[in-house]
Amino acid sequence: MRTSPITTPLLEAQNLMRRYWMRRGAFGKATEVRAVDGVSLSLERGKTLGLVGESGCGKSTTGRLVLGLETPDAGTVAFQGAPMPAPGTAPWRAQRARMQMVFQDPLGALDRRLTIGVQVREPLDIHGIGDAAAREKRVLHLLHATGLRPEQAERYPHELSGGQRQRAVLARALATDPALLVCDEPISALDVSIQAQVMNLLVKLQREFGTAILFISHDLRAVRQVSHRVAVMYLGRIVEEGEPDDVLHSPAHPYSQALVSAIPHPGRGGQRILLQGDPPNPADRPSGCAFHPRCPVAFARCSQESPALTARPDGRLVACHLAHEPAIARAA
Amino acid sequence: MTALVTLRDLAVSFDGTPALRGIDLAIARGEALGMVGESGCGKSVTWLAALGLLPGKARVTGSVTLDRAEILHAKPAVLDRLRGGRIAMIFQDPASSLNPVHRLGKQVCEALRLHRGLTGAAARAEAKRLFDLVGIPDAARRLDAFPHELSGGQNQRVMIAMALAGEPELLIADEPTTALDVTIQAQILDLLARLRREMNMALVLISHDLGVVADACDRVAVMYAGRIVEEAPIARIFAEPAHPYTHGLIGALPPIDGPRRPLAAIPGQVPDPRAMPKGCAFAPRCPRRIDACEVAIPESRVMAAEHRAACLRAEAFEAVHA
Amino acid sequence: MLRFFGFRLLRAAITIVMVVTFAFVVLRLSGDPALLIMSVDAPPEAVAAFRTAWGLDEPLWVQYFKYFSAIFEGDLGRSMRDGRPALTLVLERVPATLALTIPALLIKLCIGIPAGITAALHRNSLLDRLVMALAVAGFTIPSFVLGLLLVLLFAVQLGWLPSGGQESWRHAILPVITLGVGGAAVLARFTRSAMLEVLGQPYIRTASAKGVPWRAVVWGHALPNAAIPTVTIVGFMVGSLIAGAVVVESVFSWPGVGRLLVVAVANRDLAVVQCILLLVAATMVTSNLVVDLLYGALDPRLRSGLASAPKGAAA
């Protein structure tokens, strides 16, 4: 493996596109659905990028694209400075050990017939890491690091609680010491008190293992808690990207503003921005800025011209015709 | 003012395993009560039991009164008039809560026929009015749609329209926004608040999310392992939570400002209902536990006006979120 | 819609061709009809003449080609035994078979579906257990065993009913019961599980929560949904109206299509066997088409998405 200079990000995705063809109704013509429509992102070693958005915005597809589980129709993914090998090849499989994925449903991700210990050890066996004694030691270390007791290695998935299962999934994902972890809604199936445990654990594990994390979630609060940067997605595109606190406290894109104002929390008055309509259908993409039909501040240009994601003077990336004019943005 | 609905020592068990271990609660006319707790704490079971909607193997004891009349174990005919009439209920997953083979209009008209005696064109006109009321665009056409043709948020609006068909005095909303996107959750909460004001209807909002409840309710009951552990007005529960579990729930919410530090997560997990601790169910996870906590289940004590907590060590905690 | 049915029809046609081809090949590879029909000690010249007469001396693919081109002219070949057209021979027997299978189908529907619904509505009760025990017994006993048991009891021991033949309606009673029991048992179990699945759905709880009386919940909300999976199995039963009685016809010496098939296979009467299989495949495929249509009628989700690509691709 080529040693890359420190300045190269761990993961660099350029202009990713992913299309599907979908037929609507029996008579319908096949329509193109752009699930991911020109997403660029980069992730530093040991850092977390939060990817936030509603269902159908393409955040999960983006996660699968950067992992190489799906091949983009256009665009490139570079991991540690080198382009992604073709899926199914030997280099791709070797790469897989360096990147792992964690899903929403830990019970579905675990094999019901195997004990936790066997499953945490499995990646070590597959990638031939260490001898038997070293693997045993590694498994115990991983269980300890994820807050599971050694005797829980003998348990089967159904004997553990939801939170413990997600810990086991994390232990297994970290077995090969991956440089990148893609977590797709890792806490949304868990109870509130367990969500807090898992978020704390993710932060702790990142410090311990130096893993970079792509944290995909619909929950801005959770994203702020664990991320160093946050990207807001709407209908296949990133509409805003910046430091979590900046985005939360002064969201620049009208969609981010609505998302932030939708966060339920005590003591907020009635000043919530209510968006009209449903989350948009990717198969029926509005012209111009995809957000304009729901946008409270849209004007004529928005329905014709799609705004590019560009940096403001303060470094925030925003894709909105208005966001680069502070006066109007504030009035929104 | 007398309570609209009163639950007294309501308990439920399934095959001998307790799910609800004695609930006392009163809902006043027109008030909005939040019920908060983690999965399995009994917040949904409480209302399914009160309305006789649990499967036959559930053993339900205690008392539920509506305007002082006992309704627990009432005759099916009495319950059928009540359900969807004076007390309506909506559920978590709107897509699967609507019958997939019937048109939406038919499902709403069924409730109108049962509770208001409307049929034919009159029922359809009223259904359309209800669709308009809950903000379903193109209402007349949507009456002929099937559930799978609408989004989750629109289906939840249909559920709400159906619940309003009987002009209920109390609406039980069981996690009505959990399956929905964040911006749609905001729409639905806003709709519920508006309808409650306009129709002077009491609302019980069941949620796992204290934030959601804080937004929409006047008062909150926090449940843990089949019991109510704390009950207080919303502002007070955030300012001065008395029960360590409430305190833990608030601490587990990621803050939206201030420095980022590890969340005050509650350690461990909910006890197995088949092996409940003898004393306080929260004791094994409680940072303030003393020996007495493990001896007997603590009685609910009055902390302040309208504020009760079931904890031996309950005293006003410091505010977690200023 | 057109595209959907075009696709289904094409698939049906392919199924039929495959069945016929399979039968054609297997029958010709598994024994020489000339030897079977002419008897073993026939002179070799006579056997050779027989082969030439029926075209059996030609290469397999030539025979296959000729057979197929004849089908398109409505000629399904002749019986090697008596030289009559195979189709006539088979169609003669169809009414006898239907006289057994249609009443048996009614028994299956009228007993199986209500029994399954009742069991589901009284889940885990004594009634449920009784129905399910009977159902397990009903479909684990092979029909020839059940048939023989019934004959022993009602014909031999009690002498109430005849043991075989086709002289009167009384002769049909035992075979119809034998045929009906297994299917009723299968249908009862299937209906029960479909019903239980539906009764556990949130929309059933919604119906109760809006004050719909329980009977109306069952009839108006549960049954229309439970009917969707049940249609599949009923469709299969309708599809086997012609072929489903092979064993029972043999046990009760009932001169239907099934018995004809057994005799024709034993004699390697190629045209007759192929004709029956073609007929059976055609009924099966037709009933499958009808089932697909019924699905559309029962389930609006299929109506609007008949040919749509998998949804949720863009998560």
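Which residue follows H5(B), and what is its phi? The residue is B:Gly135, and its phi is positive, near 80 degrees. Before we walk on, note that this is a predicted model, in which local features need pLDDT of at least 70, side-chain atom pairs count only at pLDDT 80 or more, and totals for chains, interfaces and linings use all residues. Residues are numbered from 1 along each chain as its sequence is written, while chains are lettered from A and ligands numbered from 1 in the order in which they are written.

Let's look at helix H5 itself, residues 120–133 of chain B. Helices (H or I, at least four residues) and strands (E, at least two) are DSSP runs, numbered from the N terminus. Four residues of H5(B) are buried: B:Ala123, B:Ala127, B:Leu130 and B:Phe131. Here, buried means 20 or more other C-beta atoms within 10 Å of the residue's own, exposed means 12 or fewer, and partly exposed is in between, with C-beta atoms placed from the backbone. The buried residues of H5(B) fall within an arc of 100 degrees seen down its axis, so they line one face of the helix; the arc is taken over the directions from the helix axis to the C-beta atoms. On the other side, B:Ala121 and B:Arg129 are exposed.

Now step back to the domains of chain B: domain 1 (3–217) and domain 2 (224–309), with bounds from an automatic or database domain assignment. Their centres, taken over C-alpha atoms, are separated by 27 Å.

Definitions and conventions. Expected span 1.5 Å × (residues − 1).
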